[in-house]
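Let us take a walk through this model together, from the overall fold down to single residues. Keep the sequence and the coordinates open beside you as you read.

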Amino acid sequence: MSKNDEVVINNKWIVSNRGKKNIVDSRRPYGWLIEKERTASGKIEDTAIIFLTNSECPFHCLMCDLWKNTTDKPVPVGAIPDQIEWVLTQLPEVKHLKLYNSGSFFDEKAISEADYIRIASLVENFDTIVVESHPKLINEKCLRFRDMLKPELEIAMGLEIAHPEILKKLNKQMTLEDFSNAASFLNKNEIRSRAFILLRPPFLSESEGIYWAKKSIDFAFNAGVECCTVIPVRAGNGAMELLMKNGDFSLPNIYSLETVLEYGIKLHTGRVFADVWDLGLFSSCKKCIDQRINRLTTMNLNQTIDDQIVCTCDSAKPENGF
Ligand code: SF4
Ligand SMILES: [Zn+2]
């Protein structure tokens, strides 16, 4: 861990280093896409993701840049179902839908409970609905929403990292116990959960980043989640650039993502995915980057270990954890 970690990381410092938000329209999602994903039943199927335009998340996690596409004030009741309805008229037929709202689906200030019935009716033809939530906002509300739904509900939560002190520095405002309690509440109520896990958050070396991402997968599965998604940490929100400048944060390497994904898949405990968005950021070798992205994508879909890529850049690989 870096010795130069005396910056006081709190909401004020994180927000003060931010740039401007993008202009968004509360009647329209700020994006949507379709991607292939391996389902819990083992099939590879198309999943639609709608990036809903919503109010800013009240938590201000150190590494988060989702605030960029949010509104300053709560969106009116009806706006979220309107956004979903608008996208659904354009979507090809898919069985699974992720509703990501740049915050917590179960935050009353983000999505009013008054909207649940209409949302449930809009999504009734899907097999699965995935929403995201801060673990501290997991409670009976999730059950009320689940009970209105025809599709199966899955809830994604940020564990981020199972290192208690680093988790505290991420300003997530939760403990590992909060995460375990949320996962166990969902399990008890037969709601599937997935954990987002960070690869190399600030204040960790590359090998510590690998080690703690593996530990975090173990922690999440032990807590009862069914699926883990490993996300290599990026800069881009102001605070992370400053930490980078101070030597407290460096981008992880794509080799480390491969190592952690291999580890998670080999556990055979649940699905483990690597986030493959914009992976060019995490490699300086143009010769093998496309092959590595293909390898990660194939491993995500098949949940088996593909042959290692051999390249002249192999000598730059970090150690596999410590
Ligand atoms: S809880 Fe999620 S959306 Fe909210 S600031 Fe943290 S990472 Fe971002
Ligand atoms: Zn290479």
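The paragraphs below start with the whole chain and then turn to particular places in it.

A word on conventions: this is a predicted model, in which local features need pLDDT of at least 70 and side-chain atom pairs count only at pLDDT 80 or more, while totals for chains, interfaces and linings use all residues. Residues are numbered from 1 along each chain as its sequence is written, and chains are lettered from A and ligands numbered from 1 in the order in which they are written.

The protein chain holds 10 helices and eight strands; helices (H or I, at least four residues) and strands (E, at least two) are DSSP runs, numbered from the N terminus. Its radius of gyration is 19 Å, close to the 20 Å that the globule rule gives for 322 residues, so the chain is as compact as a globular protein of that length. Here the radius is taken over C-alpha atoms, and the rule is 2.2 Å times the number of residues to the power 0.38. The C-alpha trace spans about 55 × 45 × 35 Å along its principal axes. Of the 322 residues, 41% are buried. A residue is called buried if 20 or more other C-beta atoms lie within 10 Å of its own, exposed if 12 or fewer, and partly exposed in between, with C-beta atoms placed from the backbone. Among contacts between residues at least 6 apart in sequence, 76% join residues at least 24 apart, a contact being two C-beta atoms, placed from the backbone, within 7 Å.

Now look at the hairpin. Strands β1 (residues 31-38) and β2 (residues 44-51) run antiparallel and are joined by eight bridges; strands pair if DSSP finds at least two bridges between them. Lys 36 stands opposite Asp 46 in β2. Five residues lie between the strands, and Gly 42 in this hairpin has a positive phi near 95 degrees.

Met 148 belongs to helix α4 (residues 140-148) and is partly exposed, with 15 C-beta neighbours inside 10 Å. Beyond its neighbours within four places in sequence, Met 148 contacts Tyr 116, Ile 117 and Ala 120.

Helix α9 (residues 254-267) is largely enclosed by the rest of the structure, because 10 of its 14 residues are buried. Among those buried are Ile 254, Leu 257, Glu 258, Leu 261 and Ile 265. Their cover includes β6 (192-199), α7 (206-223), β7 (227-232), β8 (271-274) and α10 (289-302). Just after α9, His 268 takes a positive phi of about 55 degrees.

Most residues other than glycine have a negative phi. Gln 173 is not a glycine, yet its phi is positive, about 60 degrees; it sits in the loop between α5 (164-169) and α6 (176-188) and is partly exposed, with 15 other C-beta atoms within 10 Å. Asp 278 also has a positive phi, near 55 degrees. Its place is the loop between β8 and α10, where Asp 278 is exposed, with 11 other C-beta atoms within 10 Å.
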